[in-house]
Amino acid sequence: MSSTRLAVVLVRAGKLFCALPLASVIETLRSPPVTAIAGAPQWVQGVAVIRGATVVVVDLGILLGLDSAEISQARVITLRVGDRVVGLAVESIVGVREFDRTLLSEVPPLLLQAHPEVLNAIGLLDGELMLVLDGSRIITETELARLENS
C-alpha cells in the first residue's frame, strides 16, 4: 500500500508551489554564501561550500521561468543528482507531506514542453496547484560536469 503514497518536501519559489520527492532530498538549510560562475546559465546562482564540498546552486524560480526579482532565496535544499549533490535555492520550505499518488495528474502537454526534464506531475494540495518535480533531474549530469569544470 505504501507504493501508492508519495512523501515530498513542499517548497515555494515565488508564486510557484512545488513538491520534491523526499527520496532525492539530502537536507534543507539556510542559504549559504554563493559565488557566481561566469558564463553559467541564468538559473545557476553559482557555487557554495556546503558541508565542506563545493555544490552548484540552482535557482528553482528562474529554472521554472520566473524572474529572479519575484523571488527572495532564503533556503537551499540539497538534492542527489546521480553521484553529485546540487543545491536548490527556494524562497521557503513549507514542510514535509505524504499523499496518495492517485491525487496527481499527468502534466498537460504544453507544460511538459516547457520543462520535460524536471516536471513529473501536477496536483492540488489544500486547494493550491502543486508542481511535482523530479529532484534527481533538476540539472543534467552533462550540464553539472560543465559547470563544475568552469
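**Figure 1. Overview of the predicted model.** Of the 150 residues in the protein, 45% are buried. The model is a predicted one. The protein contains three helices and eleven strands, and their order along the sequence is β-β-β-β-β-α-β-β-β-β-α-β-β-α. Where residues at least 6 apart in sequence are in contact, 58% of those contacts join residues at least 24 apart. The accessible surface of the protein is about 7800 Å²; carbon and sulfur atoms account for 53% of that surface.

**Figure 2. The open six-stranded sheet.** The strand order in this sheet is β8-β1-β2-β11-β10-β9, with mixed pairing. Strands β8 (92-100) and β9 (104-105) are at the edges and have a single partner strand each, so one side of each lacks a neighbour in the sheet. Within the sheet, strand β2 (residues 16-21) pairs with strand β11 (residues 128-133) in the parallel sense, over two bridges. A19 has V132 in β11 as its bridge partner.

**Figure 3. Strand β6 and its two partners.** Strand β6 spans residues 75-81, and five of its seven residues are buried, so the rest of the structure largely encloses this strand. Strand β3 (residues 25-30) pairs with β6 in the antiparallel sense through five bridges; L29 has V76 in β6 as its bridge partner. β6 also runs antiparallel to strand β7 (residues 84-90), to which seven bridges join it. β6 and β7 make a hairpin with two residues between the strands. In this hairpin G82 adopts a positive phi near 65°.

**Figure 4. Surroundings of T78.** T78 is a residue of strand β6, and its bridge partner in β7 is G87. The relative accessibility of T78 is 2%, under the 20% limit, and therefore T78 counts as buried. Leaving aside residues up to four places away in sequence, T78 touches S24, V25, I26, E27, L29, I50, V85, V86 and G87. One of these contacts, L29, is itself bridged to V76 in β6.

**Figure 5. The β4-β5 hairpin.** Strand β4 (residues 44-50) and strand β5 (residues 53-59) are antiparallel and pair over six bridges. A48 is opposite V55 in β5. Two residues lie between β4 and β5 in this hairpin, and R51 in the turn has a positive phi of about 55°. I50 is among the residues that T78 touches.

**Figure 6. Nonpolar cores.** The largest nonpolar core consists of 32 residues. Those with the most contacts inside this core are L60, I77, L88 and L133. Another core, of eleven residues, lies apart from the largest one and includes L10, F17, F99 and A121.

**Figure 7. Surroundings of L133.** L133 is one of the residues with the most contacts inside the largest nonpolar core. Not counting residues up to four places away in sequence, L133 touches C18, A19, L20, P21, L60, L64, V118, L119 and N120. Among these, A19 is the bridge partner of V132 in β11, and L60 is listed with L133 among the core residues that have the most contacts.

Note on methods
Residues numbered from 1 in each chain as written. Predicted model: local features only at pLDDT ≥ 70, side-chain atom pairs only at ≥ 80, totals over all residues. Heavy atoms only, no water. Buried < 20%, exposed > 50% of the residue type's maximum accessible area, 1.4 Å probe, protein only. Helix = DSSP H or I, 4+ residues; strand = E, 2+ residues; numbered from the N terminus. Pairing = 2+ DSSP bridges. Contact = heavy atoms within 4.5 Å. Areas by Shrake-Rupley, 256 points an atom, 1.4 Å probe, with all protein chains shown as cover. Core = buried A, V, L, I, M, F, W, Y, C linked by side-chain atoms within 4.5 Å.
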